[in-house]
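Subject: Structure handover

Hello,

Here is the structure I said I would pass on. Please open it next to this message and follow along; my notes come after it.

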Amino acid sequence: MAPQDAILGWDEDSNAEAYNAFTRAHPMYDATSRDLARRGHLANASLVVDLCGGAGATARAILDLLPAHARVVSVDSAAAMQRVGRRTLNDARLTWITSPAERLADHLRASSTDAVVCNSAIWKTDTVAVFGAVAHVLRPGGYFTFNVGGGFAGVRHPAELSARTGPSLNALIRHVAAEVRGYTPPPRNADRPPKLPLETITEQLSGAGLTVVGTEVTAQQSTMAEKKAWLSIPVFARPEGDFTHAQQMQILDTAYAMTTPDTPVVTSWLVVVAQRPMVAA
Ligand SMILES: C[S@@+](CC[C@H](N)C(=O)[O-])C[C@H]1O[C@@H](n2cnc3c(N)ncnc32)[C@H](O)[C@@H]1O
């Protein structure tokens, strides 16, 4: 998906409110944000960027680890997401910049930033441009932590495979949409290469002057009920195509009724920690 396509749904108030309500009611984005923040060496940081920060779920995790004098700048292209964040997250250390991540270097001085954290978004961006901008603003020795959804990175944690006991909610949605609305799912190309595998990430980071210093495939545990709540957020609702949100929600309700709410659902993530090398003395 081109960066501009991704912005359309995010920059709608109804979506932003639904997303924010989800992040506060369910652990997924909070847990992945806290994981990235923990890996970012933030204890002595003065300036941290929350890249693609949305409504502030990741900023909350960063702020919890930062000293009182430090600052967080949350950068996102969707003003609607940031309106929710400004209203709901009051911390004098936090400021908001509405901008594509690709333009980060327009807003911060070179080598000014101790760490950049990007939760659940990097694959929506032009990663070559973003990695270059991050390398520009990071100080030597500064850290860049981000994650990539398992499907986009082409990784699966073993727990995801062992948790599978029946059809996924997405598969049931496709089934119901086909039965009830004559939906024809787009052909699934099982051989299609992942959009952002670690090899590509490593090569692009290296091209930007950043070094991968750690990677891990992690598993985020949730339930069918949480997955349903996630699929109710307009930007994530399925099936894509010629459906209103109300129709998508009817299909979701029918599909969900075929499941057991507390069935475990596991989501895999590729976590990457990169660093701007220290300048040789
Ligand atoms: C799943 S949300 C994650 C938000 C936040 N990091 C969190 O964990 O809650 C993805 C965010 O990425 C933002 N986004 C997508 N593409 C972007 C781009 N090219 N530049 C800046 N923000 C972008 C969207 O507007 C959205 O707020």
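**Around the ligand**

Three helices, α1 (3-10), α3 (28-38) and α4 (57-63), each supply at least two residues of the shell around the ligand. Helices here are DSSP runs of H or I with at least four residues, strands are runs of E with at least two, and both are numbered from the N terminus. This is a predicted model, in which local features need pLDDT of at least 70 and side-chain atom pairs count only at pLDDT 80 or more, while totals for chains, interfaces and linings use all residues. Residues are numbered from 1 along each chain as its sequence is written.

Which helix gives the most to the shell? It is α1, with four residues. There are 24 residues around the ligand, and Trp10, Cys52, Gly54, Ala57 and Ala78 come nearest; a residue is near if its C-beta atom, placed from the backbone, lies within 6 Å of the molecule. By class, the shell has 12 nonpolar, nine polar and three charged residues. Ala, Val, Leu, Ile, Met, Phe, Trp, Tyr, Cys and Pro count as nonpolar, Asp, Glu, Lys and Arg as charged, and the others, Gly among them, as polar.

Cys52 has another feature: its phi is positive, about 55°, although it is not a glycine. Cys52 sits in the loop between β1 and α4.

**The sheet**

Seven strands form an open, mixed sheet in the order β3-β2-β1-β4-β5-β7-β6. β3 (94-98) and β6 (211-223) stand at the edges with a single partner strand each, so one side of each has no neighbour in the sheet. From one strand to the next, the twist averages 20°. Two strands count as paired if DSSP finds at least two bridges between them.

Strands of a sheet pair through backbone hydrogen bonds, either parallel or antiparallel. β1 (residues 47-51) and β4 (residues 113-118) pair in the parallel sense over three bridges, and Val48 stands opposite Ala115 in β4. β5 and β7 (residues 264-275) run antiparallel and are joined by seven bridges; Gly149 is opposite Trp269 in β7. β6 and β7 also run antiparallel, with 12 bridges, and the bridge partner of Thr218 in β7 is Trp269.

**Helix packing**

Helix α6 (residues 127-137) lies across β1, β4 and β5 (138-149), at about 150° to β5. Axes are lines fitted to C-alpha atoms, for helices over the stretch in contact, and angles run from 0 to 180 degrees between N-to-C directions.

How do α9 (residues 169-181) and α12 (residues 245-256) cross, and at what angle? Their axes come within 8 Å and cross at roughly 115°. Leu169, Leu172, Ile173, Val176, Ala177 and Val180 in α9 meet Ile251, Leu252, Thr254, Ala255 and Tyr256 in α12; residues are in contact if their C-beta atoms, placed from the backbone, lie within 7 Å. This contact of α9 with α12 has 10 nonpolar residues, one polar and no charged.

Helices α2 (residues 13-25) and α5 (residues 79-88) pack at about 50°, with axes 8 Å apart.

Arg238 and Pro239 are joined by a cis peptide bond, with omega about -5°. Pro239 lies in the loop between α11 (224-231) and α12.

Regards

Conventions
Two residues are in contact if their C-beta atoms, placed from the backbone, lie within 7 Å.
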